[in-house]
Amino acid sequence: MKPKSIILVGGPETGKSNYVGRLWASLKAGNGTLKRAGMPRNIEYVESICEHLLQGKFAGRTDTNMARQDFCVPLTAVDGAIPTELIVPDFTGELWRDAVKNSELPQEWVDELESADGALLFVRAHSPLNVQPFNWVTSRDILRLPIGAGNNSTELPTQVTLCELLRLLQNKLACKPNGGKPRVAVVVTAWDTLNKELQAQGPSAYLREQFPLFAGMLEDVEDIDLQVYGVSIVGGDLQRDQAFQKRYEGMIMAQSGSVTYELDAVVHADPDVTMPVAWVIGN
Ligand SMILES: Nc1nc2c(ncn2[C@@H]2O[C@H](COP(=O)(O)OP(=O)(O)OP(=O)(O)O)[C@@H](O)[C@H]2O)c(=O)[nH]1
Ligand SMILES: [Mg+2]
């Protein structure tokens, strides 16, 4: 049986590695839709992320000099499907940022995308690395400054990067073995950093507000199946919210966190953080 491989796509610090660690915690606890049938290979990698989360800290970003880490775990059958192995390669987000900047992706990753069963595309709410497009109307004062004195950042706006990454997935992902369209879950991480009002509106509304170009593209795409999720891996901000840090001391890590998604235009929240992966590899 061919393993199911899922590619994690997203720029630096978008929450890919912490999500993989939290995914393993759920598989280990057996409390999600996806169920494991054994132990992962390369267990040290995911265990080290879990260790940080257990100690009340997010894991640090992936070292750009580190080789790619593949999380591989046998899964039990879900909904009558044949048991399989899940493979999730994790690598530094610079790979994806540079793929867009230089229009070049190493052949190894082109091959990975072409043989993958689907992808998770990450964007992190309130990330300091998010770049908003330059506003020509409200930035009149900066435009009057001498060249070089204003914001002359050459970083691409995040929504342009997201559109290019989605285009890459459109070009490379193959159809499912049953002929179905490839699936991509767009994952808005750090969902807990949004206020209650924004959370209640759901992840699509958030993308429309923050990244309208990308949200527009999501509405037009026809050749892949898309689902948008808001994910909070432990239910709060371990780095910046002291009140949450205190509450977290009394919580069980593998039962913390949630996934927000939309079904028939209604926003739902579910504690099962395996949900985006289960949907991507499902039939
Ligand atoms: N509040 C909150 N912050 C999160 C969550 N998930 C990730 N983060 C933040 O995002 C940061 C980056 O997460 P990583 O998992 O290292 O991101 P990455 O995409 O693997 O980053 P690279 O390895 O650089 O590509 C973390 O250090 C946290 O600060 C979440 O659920 N809630
Ligand atoms: Mg990482």
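**Exercise 1. Find how many bridges join strand β6 to strand β7, and which way the two run.**

Step 1: Locate β6 at residues 225–232 and β7 at residues 258–263; strands here are DSSP runs of E with at least two residues, numbered from the N terminus.
Step 2: Four bridges join this antiparallel couple, and two strands pair if DSSP finds at least two bridges between them.
Step 3: For one landmark, look at G230, which stands opposite T260 in β7.

Before going on, note that this is a predicted model, where local features need pLDDT of at least 70, side-chain atom pairs count only at pLDDT 80 or more, and totals for chains, interfaces and linings use all residues. Residues are numbered from 1 along each chain as its sequence is written, while chains are lettered from A and ligands numbered from 1 in the order in which they are written.

**Exercise 2. Follow β7 onward to strand β8 and describe the hairpin.**

Step 1: β8 covers residues 266–270 and runs antiparallel to β7, with five bridges.
Step 2: Y261 has H268 in β8 as its bridge partner.
Step 3: Two residues lie between the strands of this hairpin, and D264 takes a positive phi near 50°.

**Exercise 3. Work out the strand order of the sheet and name its edges.**

Step 1: Eight strands make an open sheet with mixed pairing, in the order β2-β3-β1-β4-β5-β6-β7-β8.
Step 2: β2 (69–75) and β8 each have a single partner strand, so one side of each is left without a neighbour in the sheet.
Step 3: Check a parallel pair: β4 (residues 118–124) and β5 (residues 183–189) share seven bridges, and L121 stands opposite V186 in β5.

**Exercise 4. Describe how helix α6 lies against helix α9.**

Step 1: The axes of α6 (residues 158–172) and α9 (residues 212–220) come within 7 Å and cross at roughly 25°. Helices are DSSP runs of H or I with at least four residues. Axes are lines fitted to C-alpha atoms, for helices over the stretch in contact, and angles run from 0 to 180 degrees between N-to-C directions.
Step 2: That angle makes α6 roughly parallel to α9, a label for angles under 35 degrees.
Step 3: Q159, V160, L162, C163 and L166 in α6 meet L213, F214 and M217 in α9; contact needs C-beta atoms, placed from the backbone, within 7 Å.

**Exercise 5. Find which residues are closest to ligand 1.**

Step 1: Among the 23 residues around ligand 1, the closest are G15, S17, N18, T62 and G93; a residue is near if its C-beta atom, placed from the backbone, lies within 6 Å.
Step 2: Helix α1 (residues 16–29) gives the most to this shell, with three residues.

Key
Angles under 35 degrees count as roughly parallel, over 145 as roughly antiparallel, 65 to 115 as roughly perpendicular and the rest as oblique. Two residues are in contact if their C-beta atoms, placed from the backbone, lie within 7 Å.
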